[in-house]
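This briefing looks at one helix, its packing and its surroundings. Please view the sequence and the model together while reading.

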Amino acid sequence: MFSAFKSIPTDMDYKGQKLAEQIFQGVILVSAVIGFIYGLFVQQFGWTVYIMLAGFTVSCFLTLPPWPMYRRNPLKWQPAVPEASGENRDKPQESQKKKKHK
Amino acid sequence: MNTVLSRANSLFAFSLSVMAALTFGCFITTAFKDRSVPVDIQVSKVMIKNVDDFTGPRERSDLGFVTFDISANLQPIFDWNVKELFLYLTAEYSTKSNALNQVVLWDKIVLRGDNTKLNMKDVKSKYFFFDDGNGLRANKNITLTLSWNVVPNAGILPLVMGSGHKSLTFPETYETTKSY
C-alpha cells in the first residue's frame with residue numbers, strides 16, 4: 001500500500017511554490033483581521049482564535065496538497081546529450097522528478 | 001516549499017506569528033482602561049474579643065468580628081481581555097504601636113461568565129481579624145475597602161481599588177465568651 005502513496009507526486013514547481021506561499025499568507029492574514037474585528041465586537045477573544053483556526057484549516061487545504069494549479073510552469077531542462085540516438089527522449093517532467101531539486 | 005512537510009512547517013510558523021500579533025493587539029486595546037467601579041459597603045455588627053493568640057509574641061491579642069454587606073456592579077470591568085477577578089476586602093487602621101495595619105478579611109473569585117452583580121448581605125469575615133497587639137479596642141477609625149486583582153488573557157495584572165469605603169469604630173469593651 002505504501003508504494004501507492006510514494007508514487008503520488010508531492011512537489012511543485014517554483015512559480016507554484018510562490019503562488020502557494022502567497023495564497024496561504026493571504027488567507028491567514030484575512031482570517032486574522034476578520035477574527036480580530038469580530039472578537040472585538042462581541043468582546044470574546046475565543047472567537048478570534050476560532051476564526052484564525054478556521055483560516056489555518058482552509059489554507060492547509062488550499063496549499064498542502066499539490067494541486068495542478070501549482071504545477072503549470074515546469075522547469076525546462078536542456079535536452080540530454082544523446083549517447084545513442086533515441087535513448088534519452090524522456091519528457092521534461094520525468095527528468096525533473098528524478099532530480100530532487102529544492 | 002517543495003515537499004508537503006516544508007510547506008506545512010512554513011504555514012504553521014506563519015500562523016503562530018500572526019496569532020502572537022493578534023494577542024498583542026488584544027492587550028493593546030485594553031491596556032489603558034480604568035478598571036475601578038463604585039462599591040457600597042455596609043456594616044451590620046461589630047464585636048471585639050481579647051483572646052489567646054498563639055501566632056504572636058504576646059499572650060493575648062485583640063480579635064475583631066465584623067459582619068458586613070457588599071454591593072457592587074462589576075460588569076463594566078469585564079471585557080475580552082479579562083479572564084477573572086480576585087476580590088478582597090481590606091481593613092485598614094493605625095494603632096499606637098503600628099502606624100499602618102492592613103488586614104484582609106474576605107475574598108472571592110469572580111470568573112468570566114459568572115454573575116457580575118455583587119450583592120452579598122450579612123457576610124462574616126473569612127479570615128481572623130487579629131491585631132498585632134491590643135490596638136483594636138475603642139479604635140475610632142477602621143476603614144473597609146474592596147479591591148480586586150484583574151487577571152487578563154494577555155498583559156499586566158493590575159490591582160485596582162474600588163471607589164467607596166466604610167469607616168467603623170470598635171467598641172470600648174471586650175465581649176466575654178458565653179458559656180452554655
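The buried residues of α2(A) are covered by parts that include α3 of chain A and α1 (4-30) of chain B. The model is predicted: local features need pLDDT of at least 70 and side-chain atom pairs count only at pLDDT 80 or more, while totals for chains, interfaces and linings use all residues. Residues are numbered from 1 along each chain as its sequence is written, chains are lettered from A in the order in which they are written, and side-chain values use heavy atoms, without hydrogens and water.

**Helix α2(A)**
- Its buried residues (under 20% relative accessible area, 1.4 Å probe, protein chains only) are G16(A), Q17(A), A20(A), F24(A), I28(A), S31(A), A32(A), G35(A), F36(A) and G39(A).
- An α-helix has 3.6 residues a turn, so residues three or four places apart point the same way.
- The 29 residues of α2(A) should span 42 Å at 1.5 Å a residue, and this agrees with end C-alpha atoms 42 Å apart.
- Q43(A) follows α2(A) and has a positive phi, near 55 degrees.

**Packing of α2(A) with α3(A)**
- α2 (residues 14-42) and α3 (residues 45-63) of chain A pack at about 165 degrees, with axes 8 Å apart.
- The two helices are therefore roughly antiparallel (an angle over 145 degrees).
- The residues of this contact (heavy atoms within 4.5 Å) divide into 16 nonpolar, 7 polar and no charged.

**Chain A**
- Chain A has 4 helices and 0 strands.
- Of its 102 residues, 24% are buried.

Conventions
Axes are lines fitted to C-alpha atoms, for helices over the stretch in contact, and angles run from 0 to 180 degrees between N-to-C directions. Angles under 35 degrees count as roughly parallel, over 145 as roughly antiparallel, 65 to 115 as roughly perpendicular and the rest as oblique. Ala, Val, Leu, Ile, Met, Phe, Trp, Tyr, Cys and Pro count as nonpolar, Asp, Glu, Lys and Arg as charged, and the others, Gly among them, as polar. The expected span of a helix is 1.5 Å times one less than its number of residues. Buried means under 20% relative accessible area, exposed over 50%, partly exposed in between (1.4 Å probe, protein chains only).
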